[in-house]
Amino acid sequence: MAPAVGGRTLEETPTWAVAVVCVVLVVISISIEHIIHLIGKWLKRKRKRALFEALEKIKSELMLLGFISLLLTVGQGLITNICISEELGSTWHPCSNKQEEQKHLSSSSNQYYPSSETNDRRKLLSLIDSDDGNFRRLLAAAGTGDKCAAKGKVPFVSAEGIHELHIFIFVLAISHVLCCILIMTFGRAKMRKWKAWEMETRTAEYQLHESLRYVGETSFGRRHLSFWTKKPLLMWIVCFFRLFVRFVSVAKVDYLTLRHGFIMAHLAPQSHAYFNFHKYIKRSLEDDFKVVVGISPLIWIFAVIFVLSNTHGWYSHLWLPFIPLIITVLVGTKLLSIVTRMGLKIEERGEIVKGVPVVQPGDDLFWFDRPRLLLYLINFVLFQNAFQLAFFTWSWYEYGLKSCFHDRSLEIIIRISMA
């Protein structure tokens with residue numbers, strides 16, 4: 001049997017080399033599995049049930065990505081043997097025709113051509129200025145062992161393309177895990193200063209501060225109730241800019257007011273002295289984390305759309321990276337407006353409050369009366385960021401920093417900064 005194109009087969013490879021590769025892969029896989037198992041045991045010992053379930057969900061997502069990679073390996077022969085017409089194969093490319101010509105001319109000039117291939121090379125160079133269809137046909141026919149080229153067609157996806165897709169799936173899995181860890185770390189870091197506010201509620205000064213006032217005279221009222229709260233558009237504009245004022249989306253007065261409202265709605269009034277609202281929020285964050293780290297079928301549909309959008313002429317770098325930023329700003333603005341609307345409800349009732357105002361949260365304050373919709377949007381943003389970082393890292397590794405996917409510095413800056 002003739003040697004396979006591109007390298008030796010296993011029949012021609014030393015068995016010790018195959019064994020070494022297998023041992024390395026098995027050791028790495030078992031080590032990763034053992035580390036995940038130790039993390040799960042630690043979470044169980046610390047009674048972090050929600051985080052343990054989130055870890056299991058991440059494991060299932062990694063297993064799904066591995067299964068997709070396995071299907072690509074098993075079906076590689078079937079996929080590469082599917083032939084499509086040259087006209088169909090020349091559509092929706094990431095590179096422009098000019099970029100592809102320059103790329104293949106550059107690669108061809110750096111290769112050594114035997115004497116038997118000299119005429120083929122001259123023909124390729126002499127016809128390089130022909131129309132787009134002929135150019136793509138010449139490139140397809142130049143590949144040795146191409147069964148589709150003999151039929152005057154091009155492969156549906158080449159073996160090299162499937163190999164690159166393998167690498168992208170691996171990078172996406174790593175990026176998704178890292179983004180999950182980062183969002184949990186940043187969330188806990190942001191909540192750390194809330195602990196001091198919680199401890200303040202244990203002091204006698206806080207518990208005895210119960211003067212009678214109108215809601216507009218309280219710290220919460222002065223922060224949220226003003227002329228701009230009467231107009232929904234102005235309220236949204238003010239809430240939008242508050243996201244960027246010292247990057248303090250949750251003020252101390254908001255935390256104390258929401259704590260008081262939660263206790264009055266769900267617990268006995270005397271619970272103020274011992275209920276730890278900060279610890280409750282931490283547990284809620286862990287519960288919500290299970291939803292955020294998951295990858296639903298709808299998210300996979302969007303992932304396919306993201307891949308499809310990297311077509312030349314779509315200018316996806318000018319709009320795709322901004323989608324997570326827009327959703328994040330919308331969610332943050334909506335949450336701040338909810339706090340303001342709860343204050344407006346108290347003012348509309350004309351109540352005189354004693355101490356901290358009693359706000360009344362409700363599903364009607366959220367979009368479509370569905371609070372969990374915000375979690376799904378955050379889930380979408382998390383996966384989109386992971387996808388953007390993975391795509392940039394993969395394209396940099398495969399094609400270099402300047403390629404068809406980002407041939408200008410502006411595109412690189414946008415992708416990285418937005419993610």
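Mentor: Let us begin with a term: contact means heavy atoms within 4.5 Å. This is a predicted model, in which local features need pLDDT of at least 70 and side-chain atom pairs count only at pLDDT 80 or more, while totals for chains, interfaces and linings use all residues. Residues are numbered from 1 along each chain as its sequence is written, and side-chain values use heavy atoms, with hydrogens and water left out.

Trainee: Which residues is serine 395 in contact with, leaving aside its neighbours within four places in sequence?

Mentor: With those neighbours set aside, serine 395 is in contact with Gly400, Phe405 and His406. Serine 395 itself belongs to helix H18, residues 372–399; helices (H or I, at least four residues) are DSSP runs, numbered from the N terminus.

Trainee: Is serine 395 buried or exposed?

Mentor: Buried means under 20% relative accessible area, exposed over 50%, and partly exposed in between (1.4 Å probe, protein chains only). Serine 395 counts as buried because its relative accessibility is 0%.

Trainee: Which backbone oxygen does the side chain of serine 395 reach at 3.0 Å?

Mentor: A polar contact is a pair of N or O atoms within 3.5 Å; within protein, one must be able to donate a hydrogen and the other to accept it, and residues adjacent in sequence count only if both atoms are side-chain atoms. The side chain of serine 395 reaches the backbone oxygen of phenylalanine 392 at 3.0 Å. A polar atom of that side chain also lies 2.9 Å from the backbone oxygen of phenylalanine 391.

Trainee: How many aromatic pairs are there?

Mentor: Rings of Phe, Tyr and Trp (its six-membered ring) pair if their centres lie within 6.5 Å; planes under 30 degrees apart count as stacked, over 60 as edge-to-face and the rest as tilted. By this rule there are 24 aromatic pairs. One of them joins phenylalanine 275 and tyrosine 280, a tilted pair at 6.3 Å centre to centre with 50° between the planes. Phenylalanine 275, at 14% relative accessibility, counts as buried, whereas tyrosine 280, at 29%, counts as partly exposed.

Trainee: Why is the pair of phenylalanine 306 and phenylalanine 387 tilted?

Mentor: The ring centres of phenylalanine 306 and phenylalanine 387 are 5.5 Å apart and the planes stand at 55°, so the pair is tilted. Phenylalanine 306 lies in helix H16 (residues 297–309) and phenylalanine 387 in helix H18, so the pair ties together parts that are 81 residues apart in sequence. Both phenylalanine 306 and phenylalanine 387 are buried. Ring pairs link a cluster whose members include Phe306, Phe387, Phe391 and Trp394.

Key:
Helices (H or I, at least four residues) and strands (E, at least two) are DSSP runs, numbered from the N terminus.
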